[in-house]
Amino acid sequence: MDEVFKALADPSRRRLLDSLNERTGQTLRELCTGLEMSRQAVSKHLAVLEAANLVTTLWRGREKLHYLNAEPVNAIAERWINRYDRGRVHALADLKTALESATMSEEFVYATYIRTTPEKLWQALTDPAFTKRYWGATFETDWQPGSPMVWEQSGWVGKDPGQVVVTADPYRTLSYTWHTVDQAFADQFGFSAEDFTQLSGEPRSTVTFDLVPLRDMVKLTVVHNGFGPESLMLIGIREGWPAILANLKTLLETGDTLPEPELP
């Protein structure tokens, strides 16, 4: 927490975060544009933001892209804000997401550090006994590239040829396509007819988990992309993944999941 508050205290670093909020996934060169700072100064500020986990980076070919990471801010909200006024804060967050959705990147990137091993984290991502506890969902598959996946969540069972494992490199990278939105799913989770029509017509997205061991921790970066413009699924993803990943982190570090949120 100390590193987060120190990083946010500098106005130049807040400007970099504002730039990434407007358009995430920028290179160093792009971030330097329009700033009255040298490339070296921007690099130093980005290093501080990365150390605080406010910014995470991914390599795409030869380019190093910088992404705004919501995990530290989400942790602050879970630690303090939600304790006092959960309902109002969530309502404001929903409004903020809706207002910003037109300008934000059409992908979700989230990085967190978990005190565990790559082997245990891989098991938590693939073993139904784990996923049921922190997610409420299970997957029936052999986790081989190209293999189908059967989803089960809250009584809904999803089978579709498009639900497949994309990449499975144990303890390093796991990737699979997202579930189908059929009528049974809409009925189970209470979607309106209008929302169901839009969701069922959206392109199928893909989620990728990247595991990097760091001493006694693992850096887990989640990239969920492949959404179309003004995607309803992406709006839900942005709210759902932070809660799921916070639950995953708590389970691996304490042996128990987070308590159910209090109703407002």
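Predicted model: local features only at pLDDT ≥ 70, side-chain atom pairs only at ≥ 80, totals over all residues.

Reader: Ok, how many helices and strands are in the chain?

Author: The chain has ten helices and ten strands.

Reader: And what share of the residues is buried?

Author: Of the 264 residues, 42% are buried. The accessible surface is about 14,300 Å², and carbon and sulfur atoms account for 53% of it.

Reader: What about contacts between residues at least 6 apart in sequence?

Author: Among those, 59% join residues that are at least 24 apart.

Reader: Switching topic: how much space lies in the second largest pocket?

Author: About 580 Å³. It is lined by 18 residues, and the closest to its centre are Q153, F185, F191, G236 and G240.

Reader: Which elements give two or more residues to that lining?

Author: Those are β5 (150–153), α8 (183–189) and α10 (232–254). The most comes from α10, which gives eight residues.

Reader: How does the lining divide into nonpolar, polar and charged?

Author: There are 13 nonpolar residues, five polar and no charged.

Reader: Now that serine. Where does S231 lie?

Author: S231 is in the loop between β10 (217–225) and α10.

Reader: Buried or exposed, and why?

Author: S231 counts as buried because its relative accessibility is 5%, and the cut-off for buried is under 20%.

Reader: Which residues does S231 touch, leaving out those up to four places away in sequence?

Author: S231 touches Q198 and E202.

Technical notes: Residues numbered from 1 in each chain as written. Heavy atoms only, no water. Helix = DSSP H or I, 4+ residues; strand = E, 2+ residues; numbered from the N terminus. Buried < 20%, exposed > 50% of the residue type's maximum accessible area, 1.4 Å probe, protein only. Contact = heavy atoms within 4.5 Å. Areas by Shrake-Rupley, 256 points an atom, 1.4 Å probe, with all protein chains shown as cover. 1 Å grid on protein atoms, 1.4 Å probe; cavity = no way out; pocket = protein on both sides within 12 Å on 5 of 7 lines; lining within 4 Å. Points joined across faces, edges and corners; volume = space filled by probe spheres on them. Nonpolar A, V, L, I, M, F, W, Y, C, P; charged D, E, K, R; others polar.
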